[in-house]
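Here is a short briefing on one protein model.

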Amino acid sequence: MKKLTGIFATSLIVALTVAGCSGSPTGEGWVTLIDGDKGMDNWSMSGSKGNWRAEGGAIQADKMIEGKVASVLVSKKSYKDFQLYVEFWAGDDTNSGVYLRAPNPAVVNTASGAYEVQIWDKNPNPAYATGSLVNVASVQPIHKAGGKWNSFEIYARGAQITVKMNGVVTAAISDAKNVKDGRIGLQFNGGPIKFRKLRVREL
């Protein structure tokens, strides 16, 4: 794994920001997987059984029904190079995340090879708090999701992955050792989490 630094990293971030997502994207190529409380049929559940449901204008979970590992909603389709826009609400103590390129829909976690864009303000390891790519790209723990609606804009093309939270770049990497395709996953691992918009466009 090679992290980008200095002038080259800055130039890449600017380029990917211009080429990447803009807020609430619509238009050619964009596919909506969640729109308010609609879209549960676009996902399967993996891991533990959480109380995922369509309620109150969002798809959400706040309770583990069965199992001891995270409960993850997994997209029914795989994506390799793509742009992703997602709006989410988290509690102050929420442990959640958005998985990218998960190769095995039955086991979705970073150990299986997926990337995880973190949603966890109170991670005991603050380097991988909200806005980071877990175990790949650390973040200054200043980006807080708790108690409000937020957005992630994610650009993934080949080895390049850029994450923007609420319009601010929080992670940008070139990870040539881990290029693949796979599923998108929405994690519930404690504390309430809601997703009300999720759109994806293949590149």
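The points below treat the sheet, then the salt bridges.

This is a predicted model, in which local features need pLDDT of at least 70 and side-chain atom pairs count only at pLDDT 80 or more, while totals for chains, interfaces and linings use all residues. Residues are numbered from 1 along each chain as its sequence is written, and side-chain values use heavy atoms, with hydrogens and water left out.

**The sheet**

- Five strands form an open sheet in the order E3-E6-E13-E8-E9, and the pairing is antiparallel.
- The edges are strand E3 (43–50) and strand E9 (115–119), each of which pairs on one side only.
- On average, neighbouring strands of this sheet are turned by 20° against each other, direction ignored. Here axes are lines fitted to C-alpha atoms, for helices over the stretch in contact, and angles run from 0 to 180 degrees between N-to-C directions.
- Strands are DSSP runs (E, at least two residues), numbered from the N terminus. Two strands pair if DSSP finds at least two bridges between them.
- Strand E8 (residues 96–102) and strand E13 (residues 182–188) pair in the antiparallel sense over five bridges.
- Alanine 102 has arginine 183 of E13 as its bridge partner.
- In general, strands of a sheet pair through backbone hydrogen bonds, either parallel or antiparallel.

**Salt bridges**

- The whole structure holds eight salt bridges. The term means a side-chain nitrogen of Lys or Arg within 4 Å of a carboxyl oxygen of Asp or Glu.
- A network of salt bridges links Arg53, Glu55 and Asp62.
- Within it, aspartate 62 bridges to arginine 53, with the closest N and O atoms 3.2 Å apart.
- Arginine 101 and aspartate 81 meet through their side chains in a salt bridge (3.3 Å, N to O). Arginine 101 lies in strand E8 and aspartate 81 in the loop between strand E6 (64–79) and strand E7 (82–90), so the pair ties together parts that are 20 residues apart in sequence.
- Glutamate 153 and lysine 164 form a salt bridge at 3.8 Å, N to O. This pair links distant parts of the chain, with glutamate 153 in strand E10 (residues 148–157) and lysine 164 in strand E11 (residues 160–165), 11 residues apart.

**Burial of the charged residues**

- Buried means under 20% relative accessible area, exposed over 50%, and partly exposed in between (1.4 Å probe, protein chains only).
- Arginine 101 is buried, with a relative accessible area of 1%.
- Aspartate 81 counts as buried because its relative accessibility is 19%.
- Glutamate 153 and lysine 164 are both buried.
- Aspartate 62 is partly exposed, at 42% relative accessible area.

How values were computed. Helix = DSSP H or I, 4+ residues; strand = E, 2+ residues; numbered from the N terminus.
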